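The tour moves from aromatic rings to charges over rings, then to a sheet.

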Amino acid sequence: MTILKLKQPLQLFLLLIYISFGTLYAQNGTLDLAFGNNGLVTTTTGEDQEVFYSIIEVDNNKVIAAGGANYIATLIRYNQDGSIDTSFGTNGILEIDFGGTREEIEDMIRQPDGKILITAESKNTNDDYDFIVARLNEDGSYDTSFGNNGISVISYGSSTDERPNAITLAPDGKIIVAGNTEGGLIWQTAIARLNADGSLDTSFSNDGKQNLSITNRSDYLNGVEVTFDGKIIAAGGGVFNSGSNQGRMAIVRYLDNGELDPSFGVNGTVTLNVLDASCIGESLISLPDGKSLIAGYANGIGIQRSFAIIRLDINGDLDPTFGTNGSVVTVVPSVLAQIFKIKLDENNSIFAVGESAISGQAVDFTIAKYSYDGQIDTNFGTNGIATTDFFGVHDRAWDFIIHDNQLTVAGFTMQASPDEDFALARYDLDDNLSISEHSLKGNFEISPTVTNSIITIKSLTNSKNATISVIDITGKVVYNETIEINQTPKSIHLERFDSGLYIVKINTDSQVETHKIILK
């Protein structure tokens, strides 16, 4: 973890320089100390295996993270400061039963109307796994207008396993889920499309389902999106032969009616190797111009498993304007590195999250940032990469959201094998911290944000009881008081504290706000 920390007497000198320019510069990609415990949150329900696979933002700057706790489908809602929102589920935790056993939520999205779509795997009474698609209301209850009392079950056969990995929503409200299904002795890619009410869309491949064998051995899809012209594109992996170096990235594109798109790759499919050994696609973004970003891992002769991203043009060929001839391989200083999710921010920067580990050392949350053309952003983290270790054993980041110039990552952390706990981390994406005269954010105003003694806080709305906490750059709470905040400024005396950067956290019954200040 990298922390901005200035030492005396250099500290005052630098502060004077920063103040003269009106801006305090901080390293992009450091942990947000106002979130949880120094930027980190861990949660356990008492089970051994607890993993978040997906995270979304909901109203009031809250987030919901979802996954499984010993194969019990679980969602947890958190407040903006990382505390559990106890108004959701049972004390903030919602466990869902889809009617089977060994159930986990694999992916989750929020509809424009606020309802939540999830896809999960569930083991049925025949001892086989099915695709599950469920829709929840904002409070976590089932939307009974969807499927069968909120749940749709998708099976490709009476004695086959289906494992979903990704879900997306088309502009017309139809729902696409992708993963893999058994096809005899092999695994095949699987895509299903549902109508908005949860019924299978029979205009897609006649029965709403499509499966495909690309390599005749083992194929699967990990990401799916709808293209700008209404086609369905999905990415994952294929295994051509036995052995550890036979994996390939596999991408498939379908027309709206479920037929393979002949204008893409070879008869609708693309398989490729990034290096000269093995590679897999884990995450996909369909771009507005018809190009596609696919991320996962690649290794080669003399190159350990590394972060890998490719960009395909609209025809399925590598786009030479991205990275080196269409691909980017980031050799994280480790023997194991893999991307599990990529997303773009509003500036079209590419963020990738996953894991990395050096031989004999812990596996850590790992985040990388790239420009739109595939160049690593060296202003982020350390030379473009930020890593976070929770307990020194094994941490994996599966998904993330970008909001309010922050990046919140969800996954798991292992304190001691086999005990895995739900884990979140939040990172600050600001290249600088504003130190204008007033700090405006939400319902409270702080003035001034650069001071040597006193700040004032006032409410911009109604009078509220609030807990005011001031947190230094090590995460230590140096001031804490519960007071009534109204439109009359309330003074907080800070002259006894050292110069430097501090976080002011304002916590009411309904919200949490954080502001940055400088003591000089």
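Is Phe-380 buried or exposed? Phe-380 is buried, with a relative accessible area of 1%. Buried means under 20% relative accessible area, exposed over 50%, and partly exposed in between, with a 1.4 Å probe and protein chains only.

Before going further, note that this is a predicted model, where local features need pLDDT of at least 70, side-chain atom pairs count only at pLDDT 80 or more, and totals for chains, interfaces and linings use all residues. Residues are numbered from 1 along each chain as its sequence is written, and side-chain values use heavy atoms, with hydrogens and water left out.

**Stop 1: ring pairs**

Rings of Phe, Tyr and Trp (its six-membered ring) pair if their centres lie within 6.5 Å; planes under 30 degrees apart are stacked, over 60 edge-to-face, and the rest tilted. The count by this rule is nine aromatic pairs.

Select Phe-204 and Tyr-254. Their ring centres are 6.2 Å apart and their planes stand at 70 degrees, so this pair is edge-to-face. Phe-204 lies in the loop between β14 (186-194) and β15 (209-212), and Tyr-254 in strand β18 (residues 247-254), so the pair ties together parts 50 residues apart in sequence. Strands here are DSSP runs of E, at least two residues, numbered from the N terminus. Phe-204 is buried, at 0% relative accessible area. Tyr-254 is buried too, at 1%.

Phe-351 belongs to strand β25 (residues 350-357), while Phe-380 is in the loop between β26 (363-370) and β27 (385-388), 29 residues apart. Phe-351 is buried, with a relative accessible area of 0%.

Next, select Phe-52, Tyr-78 and Phe-422 together: they form one aromatic cluster.

**Stop 2: charges over rings**

A charge sits over a ring if NZ of Lys or CZ of Arg is within 6 Å of the ring centre and within 35 degrees of the ring normal. Show Arg-163 and Tyr-129: the charged end of Arg-163 is over the Tyr-129 ring, 3.6 Å from its centre. Then show Lys-209, whose charged end sits over the ring of Tyr-156, 5.4 Å from its centre.

**Stop 3: an open sheet**

Colour five strands in the order β34-β40-β39-β36-β37; they make an open sheet with mixed pairing. Two strands pair if DSSP finds at least two bridges between them. At the edges are β34 (450-451) and β37 (477-485), each with a single partner strand, so one side of each lacks a neighbour in the sheet. β34 and β40 (residues 512-519) run parallel, joined by two bridges. Finish at Thr-451, whose bridge partner in β40 is Leu-519.

Note on methods:
Helix = DSSP H or I, 4+ residues; strand = E, 2+ residues; numbered from the N terminus.
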